[in-house]
Amino acid sequence: MNLTRCASGHFYDSDKYATCPHCSSAGAVASDSVTMPLKPSEDKTMALDFTTATGGGSSATLGGAAVTQSLSKATAAAAADDDQKTISYSAQSLGTEPVVGWLVVSQGPDMGVDFRLKTGRNFIGRSSVMDISLKNDKTVSREKHGIVVYDPKSCSYIMQPGASKELCYLNDEVVLSPVKLKAYDVITVGETSLLFIPLCSKDGFNWDKNNSDKD
């Protein structure tokens with residue numbers, strides 16, 4: 001190395017440079033000079049782009065919007081599975097949820113309206129999501145004022161209090177624990193009276209028996 005100082009006070013290797021590289025752009029470039037890569041912070045962010053095999057044998061590119069779309073489809077499929085409604089044994093064997101009885105409003109704001117009863121629990125309340133939705137009776141609790149249950153194994157109907165603090169009555173007697181129902185019993189919630197009409201019985205008609213007779 002031949003260290004040389006230029007007129008401006010810069011030191012440089014005169015064996016590599018004809019003139020001071022700091023002062024003149026005309027100086028020769030060193031033969032063993034190396035171009036340094038950009039700093040990591042200066043690198044351009046690239047979208048993830050690779051190919052993965054799909055279940056059907058075709059390939060799909062995952063990257064940018066494609067990744068988002070794939071994840072969205074997977075999430076939607078999972079949500080659809082979670083949202084499937086649990087159905088009763090009768091509904092599964094018949095292909096539809098069969099009616100097992102009715103409650104008919106005999107007194108109150110919704111007088112004359114009838115409600116279908118299904119297997120399992122039937123919730124009474126003011127909310128539209130209730131099975132027996134008494135929307136026009138403001139004295140009825142929004143949800144689960146009372147519950148009517150149909151047990152397909154015993155073909156029996158049961159009235160029981162709901163989760164509401166409000167009381168419900170069966171033939172003018174307060175219901176504090178489960179009570180068996182019989183035809184034309186009257187259930188009272190708020191200002192509404194509901195006449196109970198059963199369809200199924202152990203010795204008479206019931207969906208399980210009717211379905212097995214056809215096999």
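1. The protein chain contains three helices and 15 strands. The model is a predicted one, and the remarks below should be read accordingly.

2. Of the 215 residues of the protein chain, 28% are classed as buried. The chain exposes about 14,400 Å², and carbon and sulfur atoms account for 53% of that area. As for contacts between residues at least 6 apart in sequence, 32% link residues at least 24 apart.

3. An open sheet is built from six strands, arranged in the order β6-β5-β15-β14-β11-β12 with antiparallel pairing. Its edges are β6 (114-117) and β12 (173-174); each has a single partner strand, so one side of each lacks a neighbour in the sheet.

4. At one end of this order, strand β5 (residues 101-107) pairs with β6 through four bridges, in the antiparallel sense. In general, the strands of a sheet pair through backbone hydrogen bonds, in either a parallel or an antiparallel manner.

5. Zero disulfides are found in a search of the whole structure. C200 takes part in no disulfide: the nearest cysteine sulfur belongs to C155 and is 6.3 Å away, whereas a disulfide is defined here by sulfur atoms within 2.5 Å.

6. Are C20 and C200 buried or exposed? C20 has a relative accessibility of 5% and therefore counts as buried. C200, at 4% relative accessibility, also counts as buried. The cut-off applied is under 20% relative accessible area.

Methods:
Residues numbered from 1 in each chain as written. Predicted model: local features only at pLDDT ≥ 70, side-chain atom pairs only at ≥ 80, totals over all residues. Heavy atoms only, no water. Helix = DSSP H or I, 4+ residues; strand = E, 2+ residues; numbered from the N terminus. Buried < 20%, exposed > 50% of the residue type's maximum accessible area, 1.4 Å probe, protein only. Contact = heavy atoms within 4.5 Å. Areas by Shrake-Rupley, 256 points an atom, 1.4 Å probe, with all protein chains shown as cover. Pairing = 2+ DSSP bridges.
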